[in-house]
Amino acid sequence: MFNSKFFTVVVVLTFLALGAAVTFQALEMQEYNLWNTLQARFFPAK
């Protein structure tokens, strides 16, 4: 019905691409630090 080796390669490449995207996004979030920005806006220090 389908080539299992090809299917396995596609799944592995998909997970690698997803992992790379998540890693890149995490690094971007560390630089921007969205959480601290939101916290400062909605919960200002007293």
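The questions and answers below go through a predicted model of one chain.

Biologist: How many helices and strands does the chain have?

Modeller: Local features in this predicted model need pLDDT of at least 70, whereas totals for chains use all residues. Residues are numbered from 1 along the chain as its sequence is written. Helices are DSSP runs of H or I with at least four residues, and strands are runs of E with at least two. On that basis, the chain has 2 helices and 0 strands.

Biologist: What share of the residues of the chain is buried?

Modeller: Buried means under 20% relative accessible area, exposed over 50%, and partly exposed in between, with a 1.4 Å probe and protein chains only. Of the 46 residues, the share that counts as buried is 0%.

Biologist: Is L18 buried or exposed?

Modeller: L18 also lies in helix α1. Since the relative accessible area of L18 is 51%, this residue is exposed.

Biologist: How far apart in space are L18 and N33?

Modeller: Along the sequence, L18 and N33 are 15 residues apart. In space, taken from C-alpha to C-alpha, the distance between L18 and N33 is 22 Å.

Key:
This is a predicted model: local features need pLDDT of at least 70, side-chain atom pairs count only at pLDDT 80 or more; totals for chains, interfaces and linings use all residues. Side-chain values use heavy atoms; hydrogens and water are left out.
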